[in-house]
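Okay, thanks for coming, everyone.

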Amino acid sequence: MTVATPPAPVRTAVERRPAEGPGRGIKPSGWTGLAFIAPNLLGVVAFTLIPLISVILLAFTDWNLVSGLGGIDFNGLDNFVAIARDPGFWNAVGLTLLYVGVSVPLTVVLGLALGIALNRPLPGRAVLRAAFFLPYIVNTVAIGMTWLMLMNPRSGLVNQTLDIFGISPGWFASSHWALPALIVMAVWGGVGYCSLIYLSALQDAPSQLYEAADIDGAGVWAKFRCITWPSLLPTTIFLAVTLTIGASQGFGLIALITSGGPGDSTTTISYYMYQTGFQFYRFGYASAIGLVTFAGVLVLTLLTWRAQRGRALND
Amino acid sequence: MRGELSRRRFLAGAGAVGAAGLLPGCSGDERGSEILQVWGGVPAASGPGKVVEAFQRKFPQYKVNYTRFVNDPRGNLKLDTALQGGLDIDVYFTYTSASLALRAGSGMAADLTDRVKADLELALFLDAEQPRAFVEDGRVKALATAREPYFVLVNETLRRQAGVELPRRWTIDEFRATARSLTTDRTVGAYTVPDLARISLGPDYWYGEDGKSNFDDPVFEQTLATGRAMIDEGSTFRWSEVLARHLNTYQQNSFLKAEFNLWPTAPFNLRYLYDGKLYPHDFKVGFVPPPTVPGGGDWNGGSYNNFVMMNPKSAKTEAAWQFIKFWLTEGSAPMLAGGKIPTLGNVTDDQLVTGLLGKEPDKYFDLDSFRRVVLQAEPKLATDTKLAGFPEITLAYNQQRDLCWLGEKAPGPAIREVYRLANAAIARNEGSA
């Protein structure tokens, strides 16, 4: 019987004692690493972890802030039962789904079209790319005030133009038009960002497949359907998921322009949560709404993720 | 060993950082304990600064630090978290009924009953007919520092051009007729209709005797219907214009630009009308009392408000009380600059004229009508004491009013929806109380 003798272990640079390597004098102590990440870690703990745990705990209380910590009474699942029966909440859910369901696909489709257009050789392409990306980095307040003037039902540029065609929407002064107006603003603000992401993905698309398709005589649509779209699918899913999460948390423009109105026509779930917590001081109930919203967005995200599995070009 | 970071060194460093943060905090508390901390919503330059100066002159043993918070939901939240977080606040002001109920009902307001009862100068605060204090369970928790009568301001140039007499009193129908007469191609007659229900029903007008809301009283529907009718006939602003331009917040700008003529408002807006440099305009302003509602009460529609409260956690209760009393009595005059008429009326007519109307009252105001409406009249003012679900009801009313005045909902269904939502809010709040 022969016994194989394992070869003697070779000491790699990684395994060398610190005194022998280039980092001489520094022990591979966990404390060094901890010290480096400590500032970030403290931020995460203070501004993410503690608030997150607090919200989860508060969701099971009827706390109203002004009663102080002594005024926290646990009420079990009462808040969640109340949410199920709250017409205001379900109205907000419906409006949020409408807002997300229209603004996200529109933003993605227009962003894709713009990305493809900006990927072609155009005069002043760099300037155009920057111009389309600009709305994404402009301050929300500036955007809001500009659109408020543009969409003034009487004196705004938008309606003065639409008047030519005999159309005169009330925009933010109409419960029927306020949400569409917000969708227009959201799409306008997001298209540039989407196009930029698509642009980088398009530049990574496999050129040899296009060359092969050209040799086979494939048309523009066939190339888009069979090469471009599958190669962009992971990017599209990424954009759909992040935009869905962002839109379902949409708050700034609503707070600035409509305050949830007219009536409750723009009271989306995040604004309803704000009203409940910061105007009615029902922090326990608002926390429960936050948890339910989180669960809803999580389910939506998982469904989107699941839907794309196995369809991308690389899969 | 240099460059080596041991657990001991790490903990020592963290401890040093913590101590560095802690020590200034300690010294801050020490300083804070000597200084009376007052939080209010009026900018220091609009009166509080001078009140504080006068107080420190009279009581040199006390130092006062006045902190201004913006009187909006975010500003009030800041004050509430500061009070709950144990920040050094001795005296603070409350301007909204919703905050008043929450703070008084949550142990954030000291009981001032015995101090008020012991002071003859403050006897008016015990008046139950027209309460000037917020009383909870028979205990005084907050004292109104300002009386805020409503009136209707009139652009005198436009009124004369239209050949309309300046009314001395009027009903709501006469108000509407005057607004129609003053409406031209370039000017709207009135900004909006006054709150007829408040004028007719007085304090606690949202709450019925049966523990439900009072929105089934016909005067609420009358208010919405009158407003809608005036919008339809063009004698008030179109509500779509009000919402699109956020005119509720910037009414003064439109009045100064003579976009409308009749302005139902309160003294705090006079500050925009006496400063010709900051707010240029070339017309005088006249005063008319709010319109009456036939068959209704004779309330003015205004109220006692700007409540001062003492933090029960204050360690300087004597100094805090001295300051509160000073603000209410001899120190109140500087607040006139911001349109705050002292609750106790302890200022002369001359002080009221120069305080409310600036250095050139003749230039910008019709003084005869001012004297008649503000100085000589004794309007019935209200102080609300029932406040269950107040913020929810406010939102419900505003939402339905918007829909009604935009022409999307008739006054009847709109007010019935308010009634339903208000009942639910009252029941929820009473249930959780």
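So, first thing to look at: is the crossing in which α7(B) passes α9(B) left-handed or right-handed? It's right-handed; the rule is that a crossing is left-handed if the near helix is turned anticlockwise from the far one by less than a right angle, and right-handed if clockwise.

Quick housekeeping before I go on. This is a predicted model, where local features need pLDDT of at least 70 and side-chain atom pairs count only at pLDDT 80 or more, while totals for chains, interfaces and linings use all residues. Residues are numbered from 1 along each chain as its sequence is written, and chains are lettered from A and ligands numbered from 1 in the order in which they are written.

Back to that helix pair. In chain B, helix α7 covers residues 172–182 and helix α9 covers 218–233, and they pack at an angle of about 15° with axes 11 Å apart. (Helices are DSSP runs of H or I, at least four residues, strands are runs of E, at least two, and both are numbered from the N terminus; axes are lines fitted to C-alpha atoms, for helices over the stretch in contact, with angles from 0 to 180 degrees between N-to-C directions.) That angle makes α7(B) roughly parallel to α9(B), a label for angles under 35 degrees, with over 145 being roughly antiparallel, 65 to 115 roughly perpendicular and the rest oblique.

Who's touching whom? On the α7(B) side we have B:Ile172, B:Arg176, B:Ala179 and B:Arg180, and α9(B) brings B:Thr226, B:Met230 and B:Glu233. Contact here means C-beta atoms, placed from the backbone, within 7 Å. By class, that's 3 nonpolar, 1 polar and 3 charged residues. (Ala, Val, Leu, Ile, Met, Phe, Trp, Tyr, Cys and Pro count as nonpolar, Asp, Glu, Lys and Arg as charged, and the others, Gly among them, as polar.)

Zooming out, chain B has 17 helices and 12 strands, and its C-alpha atoms fill a box of roughly 90 × 55 × 50 Å along the principal axes.

Now, the two chains together. The contact takes 30 residues from chain B and 31 from chain A. On the chain B side, α1 (7–34), α3 (73–84), α4 (97–105), α10 (239–244) and α16 (390–405) each supply at least two residues, and the largest share, 6 residues, comes from α16(B). That side divides into 13 nonpolar, 7 polar and 10 charged.

Note on methods
Contact = placed C-beta atoms within 7 Å.
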